[in-house]
Amino acid sequence: MSSLVDRWSQSMMNNYGTPPIALVRGDGAVVTDETGKEYVDFLGGIAVNALGHAHPAVVAAVTEQISQLGHVSNLYVAEPCVALAELLLALAGRAGRVVFGNSGAEANEAAFKLSRLTGRTHVVATHGAFHGRTMGALALTGQPAKAEPFRPLPGDVTHVEFGSLAALDAAVSDRTAMIILEPIQGENGVVVPPAGYLAGAREIATRHGALLVLDEVQTGIGRTGHWFHHQSEGVEPDVITLAKGLGGGLPLGACIAFGPAAELFTPGSHGTTFGGNPVACAAGLAVVRTIAGEGLLDHVKRVGEQLRRGLENHPLVDHVRGAGLLLGVVLREPVAKEWVAALAGQGFLVNAPQPDVIRLAPPLIISAEQADALITAVEGIQ
Ligand code: PMP
């Protein structure tokens, strides 16, 4: 029988490049390919599988929910969706409202639309940012190679240097509807802005009456050792967007608006058939409750530090950046692709968002032993 990758080449659009591996099973932080080879998954489906694969809490929640009440139209409400919205607001510690969607791009589309209801249209985003691939989210994304073939893109968007408050200050005016930022730029190679950047952005947004929207799709839901990364800086955004880890592997995004911004959408403003599906929300509830119940935020900080310390000693590693379990290993040479292949050979999945950066975003349940095993494998790379 032909391999999955052969069948893929005949049936699926090649929009991600040829896949090197076809996965057939996952258990915790370990995945198995079609030849039976096992890998420790240091990407977690790229920051998605917060609890790893087949976590009993997620399996039970999803099974129970779909047995009891699967999809409902958005004409009606269902318990898991309301409960998840309540829980997310409690974790944020502020009054607000949630609108669910199916992905990070959709969460950002919701924020983009919501910002228009301020009566303003101008948006300030950052170079290197990644906010998704739908046309609106792509207009916010600050990676020209991804956007260029698809112009004209919607909106009046100014991109400025990430991390520079002077650049932000110069671009934002009283006609700006929103500033949108990632607290840490994940797809750009885990780029961390200078301390005080988010607080400075908050001040600039407030001064001009613009919304501060933080895209926490990659950094949120415990990834950096905080429920939401902005909490580590004590900043209060008007809107946050979430996806990835929130659904623990099911498609689930959320746009959460606080204070007056929470009242901008009114009946008819926005909607989606599947967004906030009860089964996806039941998975989200299981993810959040398990992170809280098992003290995973502290675990994330501990194992993140262990990885950082273990990896930064390698002679080819310049430094390790990021927070918690969102780490960028910056190499002295642009050999990240070779490292990805070498580590896959030894049974570890990582990726290279930049030619000189290896990204780690494992399930939050990754063990100290699995982290040590990666460090040992990296030590063996010459
Ligand atoms: N925002 C950020 C910060 C992301 O990292 C991503 C995905 N890499 C997205 C938005 C888009 O999410 P999705 O792929 O679910 O549309």
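**Exercise 1. Is Lys244 buried or exposed, and how many other C-beta atoms lie within 10 Å?**

Solution. Start with the ground rules. This is a predicted model, in which local features need pLDDT of at least 70, side-chain atom pairs count only at pLDDT 80 or more, and totals for chains, interfaces and linings use all residues. Residues are numbered from 1 along each chain as its sequence is written.

Step 1: apply the cut-off. A residue is buried if 20 or more other C-beta atoms lie within 10 Å of its own, exposed if 12 or fewer, and partly exposed in between, with C-beta atoms placed from the backbone. Lys244 has 28 such atoms within 10 Å, so Lys244 is buried.

Step 2: place Lys244 in the fold. Lys244 sits in the loop between β9 (239-242) and β10 (253-258). Strands are DSSP runs (E, at least two residues), as are helices (H or I, at least four), numbered from the N terminus.

Step 3: list its contacts (C-beta atoms, placed from the backbone, within 7 Å). Beyond four places in sequence, Lys244 touches Ala47, Val48, Gly104, Val217 and Gln218.

Step 4: check the record. UniProt, in an unreviewed entry, places "modified residue: N6-(pyridoxal phosphate)lysine" at Lys244. Such annotations may be inferred rather than shown by experiment; positions follow the numbering used here, and feature names are shortened.

**Exercise 2. Describe the shell around the ligand.**

Step 1: find the main contributor. Helix α5 (residues 104-116) gives the largest share, 3 residues.

Step 2: sort by class. The shell has 4 nonpolar, 7 polar and 3 charged residues. Ala, Val, Leu, Ile, Met, Phe, Trp, Tyr, Cys and Pro count as nonpolar, Asp, Glu, Lys and Arg as charged, and the others, Gly among them, as polar.

**Exercise 3. Describe how domain 1 meets domain 2.**

Solution. Domain 1 is 4-54 + 295-379 and domain 2 is 57-293, from an automatic or database assignment. Their C-alpha centres lie 25 Å apart.

Step 1: count the contacts. 25 residues of domain 1 are in contact with 26 residues of domain 2. On the domain 1 side, α11 gives the largest share, 5 residues.

Step 2: sort by class. That side has 15 nonpolar, 7 polar and 3 charged residues.

Notes. Contact = placed C-beta atoms within 7 Å. Near = placed C-beta within 6 Å.
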